[in-house]
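Me: Please take a close look at the aromatic residues in this model and at what surrounds them. One connected account will do.

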Amino acid sequence: MPSSSPRLALVDVLRGFAVAQMIVYHFIYDLNYYGWLKLSMLTDQPWVGWRTAIVTQFVLLVGVGLVLRTSFKPGLRDFWRRWSQIATAALLVSVGSAAVFGPRFIWFGILHFVAAALILVRPFVRIGPWNVAVGLAVIAFGMLYANPLFNDTPANIIGLVTFKPKTEDYVPLLPWLGVVLLGVGLGSVWQQRDWSIPPALRLLNDRPPRILLLLGTWALTVYLVHQPVLMGALWLARRIGL
């Protein structure tokens, strides 16, 4: 891989695959929101499991991407530039969701989590592959321990709650920080192997599917735009009686 490039097509394609799933999931969610479907997507399977899988893909790649970026662009200026973009996007999501969902607005969703995780996890990059063990321990703790003391805002940002707060998207620090750390550990192993692509995945890197590459490269923009477009189109369809 050229030392001047911090991107790997494979990472963008995998991220794009997660984005594609997110769009489909949100389209079904919006159909449900407008009454075309009757589903309990926040409580029933397979919807809860699918959402968890999508978030896991995104968050794992945050860890891998953090190693990739610090390897090729280690300067803090680049880090804070990207962080400010994500934090601004998180704020826009909060404002937009408040207009649509009212008291169920998104105050600590996936983008809020990523903004926090980038700051909290970046120092751990230096311990390299050990992050696999640390990440698994954090995941186990976050999944196995709960305490009512963490149920109220702002303590529920940490996680460890005994019930999910009433919000349209909730990605707390625990156990999800563990998934980011796991991604950092796996990314560090990959870095030690000079970012070599396994033969089974080489085609995805050398001849990436264009739509997935596009979605993965512009993931933040797609995240911000896709729901207003989907909900706006469905609202219009409902208005004209479809």
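Reply:

**Aromatic pairs and their surroundings**

Y145 has a relative accessibility of 35% and therefore counts as partly exposed. The model is a predicted one, and the values below are computed from it. The partner of Y145 is F141, and the two rings are stacked, with 5.4 Å from centre to centre and 10° between the planes. F141 is likewise partly exposed, because its relative accessibility is 43%, a value between the 20% and 50% cut-offs.

This pair is one of eleven aromatic pairs in the structure. Another joins F72 and W195; here the geometry is tilted, with the centres 6.1 Å apart and an angle of 40° between the planes. The two residues belong to distant parts of the chain, 123 residues apart: F72 sits in helix α2, and W195 in the loop between α6 and α7 (202-206). Both F72 and W195 are buried. For W195 the relative accessibility is 5%, so the residue falls under the 20% cut-off for buried.

The backbone at W195 also deserves a look. Its phi is near 55°, a positive value in a residue that is not glycine. D194 is in the loop between α6 and α7, and this residue too has a positive phi, of about 60°, without being a glycine. D194 is exposed, because its relative accessibility of 60% is over the 50% cut-off. Most residues other than glycine have a negative phi, and most peptide bonds are trans. Two cis peptide bonds can be listed here as well. One runs from Q45 to P46, with omega near 5°, and P46 lies in the loop between α1 and α2. The other runs from T153 to P154, with omega near 10°, and P154 is placed in the loop between α5 and α6.

A further aromatic group is the cluster formed by Y33, Y34, W36 and F101.

Next come the nonpolar cores. The largest nonpolar core has 62 residues, and the members that touch the most others are V59, I110, L111, F113 and W190. At least two residues each come from α1 (9-33), α2 (47-72), α3 (76-101), α4 (110-121), α5 (131-144), α6 (173-192) and α9 (219-239). Helix α2 gives the largest share, twelve residues. Apart from this core lies another, of five residues, including Y34 and F101, both of which also belong to the aromatic cluster. L31 and M231 are among the members of that five-residue core too.

Within the largest core, I110 can be followed through its contacts. Beyond its neighbours within four places in sequence, I110 is in contact with V55, V59, D169, V171 and Y223. V59 is, like I110, among the residues that touch the most other core members.

Helices α1, α2 and α6 each give two or more residues to the lining. By class, the lining consists of twelve nonpolar, three polar and one charged residues.

How values were computed
Residues numbered from 1 in each chain as written. Predicted model: local features only at pLDDT ≥ 70, side-chain atom pairs only at ≥ 80, totals over all residues. Heavy atoms only, no water. Core = buried A, V, L, I, M, F, W, Y, C linked by side-chain atoms within 4.5 Å. Buried < 20%, exposed > 50% of the residue type's maximum accessible area, 1.4 Å probe, protein only. Helix = DSSP H or I, 4+ residues; strand = E, 2+ residues; numbered from the N terminus. Contact = heavy atoms within 4.5 Å. Nonpolar A, V, L, I, M, F, W, Y, C, P; charged D, E, K, R; others polar. Phe/Tyr/Trp six-rings, centres within 6.5 Å; stacked < 30°, edge-to-face > 60°.
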